[in-house]
Amino acid sequence: MNDEWRDTFLAYARLPEHGAKVEQSWVEIAKALTARCYVSYSGGKDSTALLHLVLQQSPRILVVHWDYGPGFMPREIEHEIVQNAMAMGAVNLEIYTSEQYQAGRPDWAVFAPEFIGRVVPRLKARGYQRAFVGLRAEESCRRKRRIKRHETIVMDECWPLATWSWMDVWAYIVANGLPYLNHYDKVAELQGSYRSVRLCTLFDPQFAHLGSLDNFVYWRWRNT
Amino acid sequence: MKAKPLKITFDLAFPLMLNHRWIHLDGIVGHLIWHRANDPNRFDSKAPTPIDEKQFKRTITLKDGIPCASVGVFEEDDYRAVNYVKRPEPDLMSKGKLDIASGYFRAWRLAGVYNPSLRVAFYAHGRKDLLEELFADLTHLGDNIRMGWGLVKQMQIDQIDHDWSIVRDGVAMRPIPVEAAREYECAYPLAWKPPFWAAQNVTMCVPPGARVKLK
């Protein structure tokens with residue numbers, strides 16, 4: 001991240017509006033922790049900020065991560081995701097994946113039946129009652145609607161970042177010196193902004209409508 | 001006319017957009033040959049259509065099977081991204097609910113990478129006359145040409161002393177299969193001949209820009 005963006009985020013982090021959102025999230029997390037919780041951690045910027053917030057109140061909380069397999073998430077990025085979680089202090093990290101990725105199945109045919117259909121019910125059976133998820137209303141109309149209606153799947157969910165903007169997320173990450181994926185700097189350098197930089201599975205047709213720079217940025221892994 | 005080392009320079013009226021890390025000269029030549037022989041509105045998009053191999057070999061020299069054609073070299077090594085947003089225009093439609101998440105009216109964000117340079121050069125070993133004749137069909141280079149990206153203003157082919165189409169000063173100028181290299185800095189699975197989108201053309205290659213010594 002260049003100095004210009006870093007200074008911008010640091011200045012934003014000093015705004016009382018940002019402080020109020022962090023405070024509100026802190027209170028929501030404290031309330032949610034009355035039940036047995038885990039954190040859903042994808043490795044993206046939102047879940048990085050979320051994980052740091054939750055770990056401060058519950059250092060030994062279970063951190064659940066879904067590995068999309070080498071076809072959708074190259075191992076270099078996957079290792080970076082795991083290392084970032086550990087650098088933030090996650091000690092109770094569980095990584096799940098599916099062998100179906102090896103068979104070349106598309107992610108949309110694997111993630112929902114495997115993670116939501118298999119992993120989450122098992123966590124529920126182990127006594128977990130609530131999941132922290134880094135969902136934000138700003139991300140899409142669908143998510144905004146989901147937050148408004150509090151639509152959850154299988155497990156009750158808590159969304160401490162629901163009202164955060166992309167600036168809030170980056171301000172929190174920079175102000176707290178959190179490790180984040182190199183992916184964001186690479187894509188932000190091309191786009192000239194951190195605004196619409198997001199992490200999703202690479203070369204994935206289901207995200208084609210969001211615009212993809214994967215062929216250019218990740219040409220090394222295009223044909224693996 | 002005999003095949004000679006060439007430098008092909010395109011002056012652009014608008015920057016070139018890329019849908020991959022590089023733009024390949026042999027890909028352009030292959031496409032132009034294919035385009036002349038086929039109806040672009042009727043083709044199988046899943047499998048490559050065979051092109052006139054003889055014409056391709058006459059135009060571009062093959063060295064141990066590798067086309068002597070480099071990737072594009074831009075004036076500046078500066079890349080930027082741009083996003084186009086395609087949204088339906090509900091004001092122009094009849095009243096009622098419209099699904100913009102999927103289907104015909106789905107909203108899209110189209111991202112593309114461009115290099116702001118207005119000059120791109122390629123190195124080749126081939127027939128100048130045949131290339132000039134073939135490039136007469138070329139109006140644009142790169143991706144998203146329907147929006148005007150990569151509009152060609154003029155093209156010039158110069159004969160040069162050295163053949164820099166495959167290697168220049170020990171650096172790969174195009175994807176080179178590792179079988180053809182004696183020593184190399186790194187290798188990745190890449191397409192090494194046109195069409196570059198076809199999976200059957202992918203093999204372990206020394207990427208453009210990496211140090212390499214050919215056998």
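1. B:D11 is buried, with a relative accessible area of 14%; buried means under 20% relative accessible area, exposed over 50%, and partly exposed in between (1.4 Å probe, protein chains only). B:R119 is partly exposed, at 39%. The two residues form a salt bridge, with their closest N and O atoms 2.7 Å apart. A salt bridge here is a side-chain nitrogen of Lys or Arg within 4 Å of a carboxyl oxygen of Asp or Glu. The pair links distant parts of the chain: B:D11 is in strand β1 (residues 4-12) of chain B and B:R119 in strand β8 (residues 119-126) of chain B, 108 residues apart. Helices (H or I, at least four residues) and strands (E, at least two) are DSSP runs, numbered from the N terminus.

2. This is a predicted model, in which local features need pLDDT of at least 70 and side-chain atom pairs count only at pLDDT 80 or more, while totals for chains, interfaces and linings use all residues. Residues are numbered from 1 along each chain as its sequence is written, chains are lettered from A and ligands numbered from 1 in the order in which they are written, and side-chain values use heavy atoms, with hydrogens and water left out.

3. In chain A, the side chains of A:D168 and A:K21 meet in a salt bridge at 2.8 Å, N to O. A:D168 lies in helix α8 (residues 166-175) of chain A and A:K21 in helix α2 (residues 16-32) of chain A, so the pair ties together parts that are 147 residues apart in sequence. A:D168 is buried, with a relative accessible area of 0%, and A:K21 is partly exposed, at 22%.

4. B:R36 and B:E133 also meet in a salt bridge (3.0 Å, N to O). B:R36 is in helix α1 (residues 25-37) of chain B and B:E133 in helix α3 (residues 128-135) of chain B, 97 residues apart. B:R36 is partly exposed at 38% relative accessibility, and B:E133 is partly exposed at 42%.

5. How many salt bridges does the whole structure hold over all chains? The search finds 18. Across the interface of chain A and chain B, the rule finds zero.

6. At that interface, 17 residues of chain A are in contact with 24 residues of chain B, contact meaning heavy atoms within 4.5 Å. The area buried between the chains is about 1,800 Å², of which carbon and sulfur atoms give 61%. Buried area is the accessible area (1.4 Å probe) that two parts lose on being put together, summed over both.
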